[in-house]
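Please look over the sequence and the model before starting.

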Amino acid sequence: MQDLLTLDDTRATAALDAAVLDTARAAARSALDTLRTRNGAGSEFLGWLDLPVQSAAGVDAVRDAAARIRGESDALIVVGIGGSYLGARAVIDACSPPHTQHDLDVYYAGHHLAGSDLAALLRALEHRSVSVNVISKSGTTTEPALAFRVIKNWMERRYGRDGAAKRIVATTDSARGALRGLADAEGYRSFIIPDDVGGRFSVLTPVGLLPIAAAGINIDALLAGARAFHATAFNASFETNIALRYAALRRAFAATGKNIEILAGFHPSFLMIAEWWKQLFGESEGKGGAGIFPAAVMNTTDLHSMGQYIQDGERRMFETFLLAESDGDDLLVPDTGDETDGLQYLAGQPFSWITLRAWEGTALAHESGGTPNLAIRLPSIRPDSIGALLYFFEIAVAISGYAMGVNPFDQPGVEDYKRNMFALLGKPGFEAERAALLARMK
């Protein structure tokens, strides 16, 4: 597994008092045992633990559907919000070479309420051959349901009702919900969101695997990477289980008042990985007045903006660097013989080597400035290492959440804004709430 993922935590461990670290390690070990025995809060949502070793039949069905999409379309619209699209987008953006021509381009809708953006997307796709994957457990979540209402209408105008139905795939509940009823009525191909897997843990279900495979990414390699980490995920040794170590460090930092974690990627391909990570950790831990606030920066870009605060601002942060030893290309700095830009001393060096030196300089500077840090290192950005990374984070947040005394698998606070929004939109059944809110807004 070390060929896919390693954890460098020397600087983080050195910043912590031994007694604090020992207490955090004991809490993390107890949390790991709770996870392993599946007897903690939210245990009915632990189906994600087994996804790396899921049956080949399910993966084959996803692969076949993806091949059909690729055979009939050159554009795929993924309609979903939160865990219904972030995992797929994270993997696709990480593993698809940027600035290149793809056989199929993936677009995303239903993760906001900007009608102008949706209209612009559909105008841009007028002359493309389009398929749609709509992803929702219920089919009534406001943002994706609104977007799909528009997209369905647009598809039916282009292809006819029957033609559109052949190009739409629904990933939804097995038996209940508005989208399940619509899929059955219209004859959409469909995949199941397992009842025991929450949205933010669903990237290795058809929720994530279908769009990822349709984008041309090797889902067998992705799952193989997750499976490699699965083999050590329940080991109680801090030396061999890096998810356990990471969770313990997070618990220790929280105990010392460092309750903001910054995930600092050192490659633009990590941008959507960071967005997925923010949801995973924020929604899993942020409840009951507890949790570490997850923030993210992309370096070296953000060293020229947020770097000042991280170096010299309020000292409530720790930092987790996300690194790739090689970016898969290793473009070399050309030897021009010209000293005008002051960079001739780097002639012949690969950009990946320069990036790692930038990380080392940043890590040392931030450590000196009072921001302790650790680093998660991948050999390169490829499907197997990304699969290992995703499963590592999922195991770590489960341990970390239990160690902090929260249920990592619910999200009660998410419903509060929805109730207010429904009331203000005038949804039937929310009349009393609407009157109370309007009174507050006067």
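**Exercise 1.** At what angle do helix 3 and helix 9 pack, and how far apart are their axes?

The model is predicted, so local features need pLDDT of at least 70 and side-chain atom pairs count only at pLDDT 80 or more, while totals for chains, interfaces and linings use all residues. Residues are numbered from 1 along each chain as its sequence is written, and side-chain values use heavy atoms, leaving out hydrogens and water.

Step 1: helix 3 (residues 56-72) and helix 9 (residues 219-230) pack at about 145 degrees with axes 11 Å apart, where helices are DSSP runs of H or I with at least four residues, numbered from the N terminus, and axes are lines fitted to C-alpha atoms over the stretch in contact, with angles from 0 to 180 degrees between N-to-C directions.

Step 2: Val59, Val62 and Arg63 of helix 3 meet Ile219, Asp220 and Leu223 of helix 9, contact meaning heavy atoms within 4.5 Å.

**Exercise 2.** Describe how helix 2 is placed against helix 10.

Step 1: the axes of helix 2 (residues 18-37) and helix 10 (residues 242-255) come within 8 Å and cross at roughly 130 degrees.

Step 2: helix 2 is therefore oblique to helix 10, given that angles under 35 degrees count as roughly parallel, over 145 as roughly antiparallel, 65 to 115 as roughly perpendicular and the rest as oblique.

Step 3: among the contact residues are Ala24, Ala28 and Leu32 of helix 2 and Ala248, Leu249 and Ala252 of helix 10.

**Exercise 3.** Which residues does Leu35 contact, leaving aside its neighbours within four places in sequence?

The partners of Leu35 beyond those neighbours are Leu46, Trp48, Leu49, Phe234, Ile395, Ala398, Ile399, Tyr402 and Phe409.

Conventions. Helices (H or I, at least four residues) and strands (E, at least two) are DSSP runs, numbered from the N terminus.
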